[in-house]
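I set out in this notebook what I looked up in the structure shown below.

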Amino acid sequence: MQLKPGTPGSNRLSAYLARSFPEQLEAAIHERYAVVRNPSGLAMNDEELASHAENCDYLFVSATEKVTRRVFEKLAGSLKAVATLSVGFNHVDLEAAREH
């Protein structure tokens, strides 16, 4: 039986890519993690982001995705870190990140 990356019993850490990133970066991510991708490639609201990234260990976003308290609350228990590939981080709720 094959498990979705990030679910209990899977043996590989998983990363959710909310956007397409440079080829070299994506290749490096694929080497380390089981990758789950944004199915549409379009910007998502926080509810969609949290839903699609469920059970993932790492979240890769850009400035177009708002990583809000709702995202941290929904992903609590599985999410270990958020990587933002952007200039600045004002789209990430740092207070919520510290709490979770």
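**Entry 1: the largest pocket**

I looked up the largest pocket and found a volume of about 190 Å³. I note that the model is predicted, that local features need pLDDT of at least 70 and side-chain atom pairs pLDDT 80 or more, while totals for chains, interfaces and linings use all residues. Residues are numbered from 1 along each chain as its sequence is written, and side-chain values use heavy atoms, with hydrogens and water left out.

I recorded how the search works. Rolling a probe the size of a water molecule over the atoms shows where empty space is left. A pocket is an open set of points on a 1 Å grid over the protein atoms alone, where a 1.4 Å probe fits, with protein on both sides within 12 Å along at least five of seven lines; lining residues have an atom within 4 Å of a point. Grid points are joined across faces, edges and corners, and the volume is the space filled by probe spheres set on the points.

Which residues lie nearest the centre of the largest pocket? I found Phe72, Leu79, Ala81, Val82 and Ala97, out of a lining of 14 residues. The lining divides into ten nonpolar, three polar and one charged residue (nonpolar: Ala, Val, Leu, Ile, Met, Phe, Trp, Tyr, Cys and Pro; charged: Asp, Glu, Lys and Arg; polar: the others, Gly among them). At least two lining residues come from each of α3 (69-75), β4 (81-84) and α4 (94-99), and β4 gives the most, with three.

**Entry 2: the chain**

I counted four helices and four strands in the chain (DSSP runs numbered from the N terminus: helices H or I of at least four residues, strands E of at least two). From the N terminus, the order of elements is β-α-β-α-β-α-β-α. The C-alpha trace spans about 40 × 30 × 20 Å along its principal axes.

I found that 36% of the 100 residues count as buried (under 20% relative accessible area; exposed is over 50%, partly exposed in between, with a 1.4 Å probe and protein chains only). Among contacts (heavy atoms within 4.5 Å) between residues at least 6 apart in sequence, 44% join residues at least 24 apart.

**Entry 3: valine 92**

Is valine 92 buried or exposed? I noted it as buried, because its relative accessibility is 13%. Valine 92 sits in the loop between β4 and α4. Leaving out residues up to four places away in sequence, valine 92 touches Val67 and Phe72. Phe72 is also one of the residues nearest the centre of the largest pocket.

Threonine 64 lies in the loop between β3 and α3.

Leucine 94 belongs to helix α4 and is partly exposed, at 34% relative accessibility. From leucine 94 to alanine 63, 31 residues apart along the chain, the C-alpha atoms are separated by 14 Å.

**Entry 4: asparagine 55**

Most residues other than glycine have a negative phi. I therefore marked asparagine 55, whose phi is near 75°, and which counts as partly exposed at 27% relative accessibility. Asparagine 55 is placed in the loop between α2 (46-52) and β3 (58-61).
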